[in-house]
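Hi,

Here is the structure I promised to pass on.

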Amino acid sequence: MILMEKHVVVIYPHPDDESFGAAGSVTQFRNKGIPVTYLCGTLGEMGRNMGNPTIANRETLPKIRKQELLAACNVLDMEVEMLGYHDKTLEFEDRNTVALHIKEYLDKIEPSLVITFYPDYAVHPDHNALGAAAIEAVGMMDIEKRPVLWAQAITHDFHEVLGKPDIINDVSAEMDKKLEAILCHKSQVQGLLSQFMQPGMEQDVLKQEVAKRFSLEQFYIWKFDE
Amino acid sequence: MKPVNITEVQTVLEQYMNKTVYVHLETTNGAYASHVNQNAYNVGAFIRNAEVKFTNAKIVGSNGTYRVGLKLEMGWIYAEGITDWTITDDDQLLLAGHDREGRLMVALQVSNHPFRY
């Protein structure tokens, strides 16, 4: 499933998107020695999860999430660049400006593969907006330098509307690493996993629950016009 | 943050009266509300670094949840559901309301200097 790439760039807006969305695929790339760089759009400044019991407040949250992001990227052994946008506002930025900003990184890194969200099928407005800007950035590149782009859809209906994803990557074998990366996001994880995470839950039970929901990383290969 | 002590918060609020201050006001039920529950609505609003001056300030409530009203020359600032408070190292007053899972539902913050942006 995972091909030999030169360099992979992952583009998502929030610290933790990388761990839930692509940690297994990233691990597979890194296991083959392929460099991976995460362009993280914001620091999740407006997140409402503050830990339970709360360990953050609105003003300390970005600092805490930045540390969590660095810890997760360390676990996944990937480089990270923070783009400096403000959580929840990406859809109001000028898309072309954001695309040009992203393109600066892509021109420098010259990746063979870019992973981002599928616009309009990614639930969170920041996901949709940064996905759209990333696609625009890749589309602006010369065809001979243009990387392949994998777009990730997460709405409930994406399968029905978009059809079967081109890439269905089973990352069960990478689940330990993926869970370790997810758990780096301490301020977020309890809120996000609260539907099935019980206090004092054994690590392997939690791992099974996470595996049930996050062991398939699915992507569509973006088709550019022309 | 710690549970609101109404007397202490009232005292701090009054220190910000009748001078130019910066306010962060926010309410949210999260960007995934209608993703997790089809019948839910996504609603939220925030304003960061509104420059205002208030002439009256009061915190009211009981049983752990409070309302705060700040009277402006030409209007009001209001927040409901406040449960916790703190003063940051930067000397900024943070008031927030959290649900049972520790998620922020409402925030009202006041500072003499702008909040990080």
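Below is what I found, chain by chain, with the contact between the chains at the end.

One thing to keep in mind is that this is a predicted model.

Chain A

Let me start with the overall picture. Chain A has 8 helices and 7 strands. Its C-alpha trace spans about 55 × 40 × 35 Å along the principal axes. For 226 residues, a compact globule would have a radius of gyration near 17 Å, and chain A comes out at 17 Å, so the two agree.

The helix pair I looked at in chain A is α3 (residues 95-109) with α4 (residues 125-140). Their axes come within 8 Å and cross at roughly 60 degrees. Angles of 65 to 115 degrees would count as roughly perpendicular, and α3(A) and α4(A) are therefore oblique to each other. As for handedness, the crossing of α3(A) and α4(A) is right-handed.

Which residues make that contact? On the α3(A) side you'll find Arg95(A), Val98(A), Ala99(A), Ile102(A), Lys103(A) and Leu106(A). They meet Ala132(A), Ala133(A), Ala134(A), Glu136(A), Ala137(A), Val138(A) and Met140(A) of α4(A). By type, the residues of this contact are 10 nonpolar and 3 charged, with no polar ones.

There are also two backbone details in chain A, both in loops. As background, most residues other than glycine have a negative phi, and most peptide bonds are trans.

- Asp16(A) has a positive phi, near 110 degrees, although the residue is not a glycine. You'll find Asp16(A) in the loop between β1 (8-12) and α1 (17-31) of chain A.
- Asn52(A) and Pro53(A) are joined by a cis peptide bond, with omega at about 0 degrees. Pro53(A) sits in the loop between β2 (36-42) and α2 (61-75) of chain A.

Chain B

Chain B has 2 helices and 9 strands. Reading from the N terminus, the order of its elements is β-α-β-α-β-β-β-β-β-β-β. The radius of gyration of chain B is 15 Å, close to the 13 Å that the globule rule gives for 117 residues, so chain B is as compact as a globular protein of that length. Its C-alpha trace spans about 45 × 30 × 30 Å along the principal axes.

Now for a sheet in this chain. In chain B, 3 strands form an open sheet in the order β4-β5-β6, with antiparallel pairing. Why do β4 (54-62) and β6 (75-82) of chain B each have one side without a neighbour in the sheet? Both stand at the edges with a single partner strand each, so one side of each is left open in that sense. From one strand to the next, the twist averages 10 degrees.

Strand β5 (residues 65-72) of chain B is joined to β6(B) by 7 bridges, and the two run antiparallel. If you want a pair to locate on screen, take Lys71(B), whose bridge partner in β6(B) is Trp76(B). A helix packs on this sheet too: α1 (residues 6-15) of chain B, which touches β4 and β5 of chain B. The direction of α1(B) makes about 170 degrees with that of β4(B).

Where the chains meet

Last, the interface. In total, 16 residues of chain A are in contact with 21 residues of chain B. On the chain A side, the residues touching chain B divide into 5 nonpolar, 8 polar and 3 charged.

Cheers

Key: Residues are numbered from 1 along each chain as its sequence is written. Chains are lettered from A and ligands numbered from 1 in the order in which they are written. This is a predicted model: local features need pLDDT of at least 70, side-chain atom pairs count only at pLDDT 80 or more; totals for chains, interfaces and linings use all residues. Axes are lines fitted to C-alpha atoms, for helices over the stretch in contact, and angles run from 0 to 180 degrees between N-to-C directions. Helices (H or I, at least four residues) and strands (E, at least two) are DSSP runs, numbered from the N terminus. Angles under 35 degrees count as roughly parallel, over 145 as roughly antiparallel, 65 to 115 as roughly perpendicular and the rest as oblique. A crossing is left-handed if the near helix is turned anticlockwise from the far one by less than a right angle, and right-handed if clockwise. Two residues are in contact if their C-beta atoms, placed from the backbone, lie within 7 Å. Ala, Val, Leu, Ile, Met, Phe, Trp, Tyr, Cys and Pro count as nonpolar, Asp, Glu, Lys and Arg as charged, and the others, Gly among them, as polar. Two strands pair if DSSP finds at least two bridges between them. The radius of gyration is taken over C-alpha atoms; the globule rule is 2.2 Å times the number of residues to the power 0.38.
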